[in-house]
Each structure stands twice: as C-alpha cells, then as structure tokens.
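These notebook entries concern charged side chains and how they pair. I set out to look up the pairs one at a time and then to ask how they join.

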Amino acid sequence: QVHLVESGGGLVQAGGSLRLSCAASGSIFNINVMGWYRQAPEKQREMVAVITSGGNTNYADSVKGRFTISRDNAKNTMYLQMSSLKPEDTAVYYCNADVRPNGRKYGVYYWGQGTQVTVSS
C-alpha cells in the first residue's frame with residue numbers, strides 16, 4: 001500500500017509565500033512523474049506543476065514565474081514553493097504520483113488527501 005500525504009497549506013495574504021510538501025510512503029519500488037493539482041470551489045481540478053524523476057518540469061501558465069516544483073528522490077518527497085500568491089490561487093492542492101509499488105511491473109497513480117491554500121486579498 002502506498003500513501004501520499006500533503007502538508008504546508010494555510011492562510012496567507014496576497015503577495016505572500018507558502019511551501020507545500022508531499023511525502024510518499026509505503027511499499028515503493030520507484031516513483032516516475034509527480035505533480036501538484038488544485039481544485040477551487042465549483043471548478044474542475046487543474047494541473048499546477050509536474051516533475052519527472054529526472055527533474056524535468058512543466059507548469060501551468062497561471063503559475064509560471066511564481067511557483068517552483070522540486071523533489072527529493074531519496075526521500076520520496078515533492079515540494080511546491082509558491083510565491084507572489086494571488087487570491088485566485090485559493091484552492092485545495094493535491095499531490096499526485098506515478099508510483100511503481102514493490103513487486104509490480106507497472107506504476108499506479110495515487111492521490112493525496114489534499115491541503116487547503118487560502119489567499120486573502
């Protein structure tokens with residue numbers, strides 16, 4: 001069994017910063033792509049940023065230049081440094097990872113439970 005646990009969300013004023021973490025635990029052989037997604041009320045879940053095991057990254061246009069995704073492969077942990085936050089960044093942020101569990105030939109996508117980020121104006 002594999003678990004993803006996010007942390008670091010909270011309430012911040014516009015222009016402020018937050019750092020989210022996502023730790024993967026369990027019977028893990030390796031982790032390929034990891035990513036952050038978010039869902040605002042009454043909106044569809046959207047990709048924020050993704051990162052491969054080799055460190056290649058991709059960002060949503062709305063966060064380019066403000067957010068930085070990174071990961072520590074040795075710790076099976078991913079981070080999202082968010083700066084210059086705007087009220088429209090308010091959402092539940094979810095961690096997603098393509099994890100190959102021990103004993104399995106293929107990866108499985110897992111989701112964390114989400115962490116709330118609220119940006120006040």
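Entry 1. I began with Asp 89 and found that it forms a salt bridge with Arg 38, the closest N and O atoms being 3.0 Å apart. I note that the model is predicted. The pair links distant parts of the chain: Asp 89 lies in the loop between strand 8 (77-82) and strand 9 (91-101), Arg 38 in strand 4 (residues 28-39), and 51 residues separate them. I then looked up the exposure of the two partners, and both Asp 89 and Arg 38 are buried.

Entry 2. I checked the burial of each against the cut-off. Asp 89 has a relative accessibility of 1% and therefore counts as buried, the limit being under 20%.

Entry 3. Which other residue forms a salt bridge with Asp 89? I found Arg 66, with the closest N and O atoms 2.8 Å apart. This pair also links distant parts of the chain, since Arg 66 sits in the loop between strand 6 (57-59) and strand 7 (67-72), 23 residues from Asp 89. Arg 66 is buried as well, with a relative accessible area of 12%.

Entry 4. I returned to Arg 38 and looked up Glu 46. The two form a salt bridge whose closest N and O atoms are 2.7 Å apart. I also recorded a polar contact of 2.7 Å between their side chains.

Entry 5. I looked up what else surrounds Arg 38. Its side chain makes a polar contact of 3.4 Å with the side chain of Ser 62. Leaving aside neighbours within four places in sequence, I listed the residues in contact with Arg 38, among them Gln 44, Arg 45, Val 48, Val 63, Phe 67, Glu 88, Ala 91, Val 92 and Tyr 93. Ser 62, Glu 46 and Asp 89 also belong to that list.

Entry 6. I put the pairs together. Side chains of opposite charge can pair when their charged atoms come close. Here Arg 38, Glu 46, Arg 66 and Asp 89 are linked in a network of salt bridges. Within it, Arg 38 pairs with Glu 46 and with Asp 89, and Asp 89 pairs in turn with Arg 66. For the whole structure I recorded 4 salt bridges.

Conventions. Residues are numbered from 1 along each chain as its sequence is written. This is a predicted model: local features need pLDDT of at least 70, side-chain atom pairs count only at pLDDT 80 or more; totals for chains, interfaces and linings use all residues. Side-chain values use heavy atoms; hydrogens and water are left out. A salt bridge is a side-chain nitrogen of Lys or Arg within 4 Å of a carboxyl oxygen of Asp or Glu. Helices (H or I, at least four residues) and strands (E, at least two) are DSSP runs, numbered from the N terminus. Buried means under 20% relative accessible area, exposed over 50%, partly exposed in between (1.4 Å probe, protein chains only). A polar contact is a pair of N or O atoms within 3.5 Å; within protein, one must be able to donate a hydrogen and the other to accept it, and residues adjacent in sequence count only if both atoms are side-chain atoms. Contact means heavy atoms within 4.5 Å.
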